[in-house]
Amino acid sequence: MTPDEYCQQKAAASGSSFYYSFLFLPQERRRAITALYAFCREVDDVVDETADAQLAATKLAWWRTELAGLFAGNPQHPVSRALAPFLEKYSLERENLNDIIDGMEMDLTQSRYLDWANLERYCHRVAGVVGLLAARIFGYRDPRTLEYARELGIAFQLTNIIRDVGEDARKNRIYLPMEDLKRFNVTAADILHAKETPEFRALMEFETARAKDFYGKAFAALPAVDRKSQRAGLIMAAIYRTLLDEIERDGWHVLTQRISLTPLRKFWIAWKTWIAT
């Protein structure tokens, strides 16, 4: 299996909405974004699939060493080898890739977020930075496009957090800021025990509005000159925003359900967005 094939398999197996946006890209950009996505999956899987936090920290430290080798011209892992040809071409920076690992390490050291400032830092590292790297791969002429990409990445992460409230609670994780829970009279125990109340629905309405605000800020920041080159990101946005709307329409039953879109619907949204942009 070649490094590119390894990354392609990793991306396809995930079933992620991101995969559908890659299908419409030119081959070289598709190879680059698929390698970036595979890197994100690798370090995310370290946290999700390793029960021992110390062992997970050791594995993430290995990835930092691997990044150093990658930027020194000596990549070993298939994902690093797949990324190597695109570092200079698309200005993929070591600092940004390390930021992603920083975000994963946050999951090893905390399971609660006191306020929005702390959660935003996490969202920036695990998603906003990915948006910046993806925008460089897709191509841009106006630097304001990087602002769009960061805001959109945070919108995606907030959508994930809303979708996965119940699933995360079963792992004793609550990403919703504690200050928000207090504001709406929801306790951590309510979430951990899947207690759906009018107060919880009001909290979720608030969090959904915040996510929508980030989508709005992202779209407003995207310059017209780069709209076409950023179509893959707009496909992701269309899929994720549709998912957020579905969760809201369903009444935010996220404590006991995990709302998702079918592969066919994702592909249809991707196709419509590509044609319309």
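## Salt bridges

Arg249 has a relative accessible area of 60% and is therefore exposed. In this predicted model, Arg249 forms a salt bridge with Glu246, with the closest N and O atoms 2.5 Å apart. Glu246 is partly exposed, at a relative accessible area of 22%.

Asp45 counts as buried because its relative accessibility is 14%. The whole structure contains 24 salt bridges.

## Helix H12 and its surroundings

Helix H12 (residues 198-221) has 24 residues and reaches 35 Å from its first C-alpha to its last, close to the expected 34 Å. Its buried residues include Phe200, Leu203, Met204 and Phe214. Among the elements that cover the buried residues of H12 are helix H7 (116-138), helix H8 (144-163) and helix H13 (231-249).

Thr145 is located in helix H8 and counts as buried, at 0% relative accessibility. Beyond its neighbours within four places in sequence, Thr145 is in contact with Tyr140, Leu222, Pro223, Asp226 and Gln230.

## A nonpolar surface patch

Leu23, Phe267, Trp268, Trp271 and Ile275 form a nonpolar patch on the surface, and together they have about 520 Å² of accessible area. Phe267 lies in helix H14 (residues 263-276) and is partly exposed, at 39% relative accessibility.

Conventions:
Residues are numbered from 1 along each chain as its sequence is written. This is a predicted model: local features need pLDDT of at least 70, side-chain atom pairs count only at pLDDT 80 or more; totals for chains, interfaces and linings use all residues. Side-chain values use heavy atoms; hydrogens and water are left out. Patches are made of residues with over 30% relative accessible area and no salt bridge: like charges are joined within 9 Å, nonpolar side chains (Val, Leu, Ile, Met, Phe, Trp, Tyr) within 5 Å. Accessible areas come from the Shrake-Rupley method with a 1.4 Å probe; for residues, only the protein chains shown count as cover. A salt bridge is a side-chain nitrogen of Lys or Arg within 4 Å of a carboxyl oxygen of Asp or Glu. Helices (H or I, at least four residues) and strands (E, at least two) are DSSP runs, numbered from the N terminus. Buried means under 20% relative accessible area, exposed over 50%, partly exposed in between (1.4 Å probe, protein chains only). The expected span of a helix is 1.5 Å times one less than its number of residues. Contact means heavy atoms within 4.5 Å.
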